[in-house]
Amino acid sequence: MSALDPSSYTETQEALARCRRYRKEHGLYGVVDSQLGRIMLEVGAVGAVTMPADIGARVRDHLKTLHRCGPVIAHPRSHRWTFLTGPTDGSYLDMALFSDLFRDCAAVALPGSHIVLPSPTDEHSGYRLWICPPEGDFRPELAEVVAATRECRGVPH
């Protein structure tokens, strides 16, 4: 897709509109990568925990029973989900936590890394979509999602 391609322009405009909505309605201050039409969010003020979709479904259900489920992004091709959380804390430095989550192929996103929020282009292609879209600016604490991940692992559906 070249910069002169009309579809590229339209996709970028749609991504910009979505990005403005994410900022205004949900406190998700991403930026648009105009080359790809993707909305990038730097980890820091918003944290993230990524895991396989099967564990993610159990974590989502668990958090919903507690009324603490926030935004969840699906990556259908890789069968992974990303839970958006409150601000990143120092838990990413905890090697015991890292090892514990690693066993389940889960991970806490590092501050300064980027996650991609669903954009119109991603949704049309099925590449990235919301499992639980954001509601206002609510996101559970990082520790809540980590605790739910630990509690839900190995639990059958």
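Met-95 is exposed, with a relative accessible area of 55%. This residue sits in helix H3. The model is a predicted one.

**Surface patch**
- Met-95 has two partners, Phe-98 and Phe-102, in a nonpolar patch on the surface.
- Together, the three residues have about 370 Å² of accessible area.

**Helix H5**
- Helix H5 spans residues 142-152.
- Its buried residues are Leu-142, Val-145, Val-146, Ala-148, Thr-149 and Cys-152.
- Seen down the helix axis, the buried residues of H5 fall within an arc of 160°, so they line one face of the helix.
- What do the buried residues of H5 pack against? Their partners include three strands: E3 (47-52), E5 (80-85) and E6 (107-108). Helices H2 (53-65) and H3 (95-102) are partners too.

**Positive phi angles**
- Most residues other than glycine have a negative phi.
- His-67 is not a glycine, yet its phi is positive, at about 60°.
- Where does His-67 lie? It is in the loop between H2 and strand E4 (72-75).
- His-67 counts as exposed, at 71% relative accessibility.
- Cys-105 also has a positive phi, near 60°, and is a residue other than glycine.
- The loop between H3 and E6 holds Cys-105.
- Is Cys-105 buried, exposed or partly exposed? Cys-105 is partly exposed, with a relative accessible area of 48%.

Key. Residues are numbered from 1 along each chain as its sequence is written. This is a predicted model: local features need pLDDT of at least 70, side-chain atom pairs count only at pLDDT 80 or more; totals for chains, interfaces and linings use all residues. Side-chain values use heavy atoms; hydrogens and water are left out. Buried means under 20% relative accessible area, exposed over 50%, partly exposed in between (1.4 Å probe, protein chains only). Helices (H or I, at least four residues) and strands (E, at least two) are DSSP runs, numbered from the N terminus. The arc is that of the directions from the helix axis to the C-beta atoms. Contact means heavy atoms within 4.5 Å. Patches are made of residues with over 30% relative accessible area and no salt bridge: like charges are joined within 9 Å, nonpolar side chains (Val, Leu, Ile, Met, Phe, Trp, Tyr) within 5 Å. Accessible areas come from the Shrake-Rupley method with a 1.4 Å probe; for residues, only the protein chains shown count as cover. A salt bridge is a side-chain nitrogen of Lys or Arg within 4 Å of a carboxyl oxygen of Asp or Glu.
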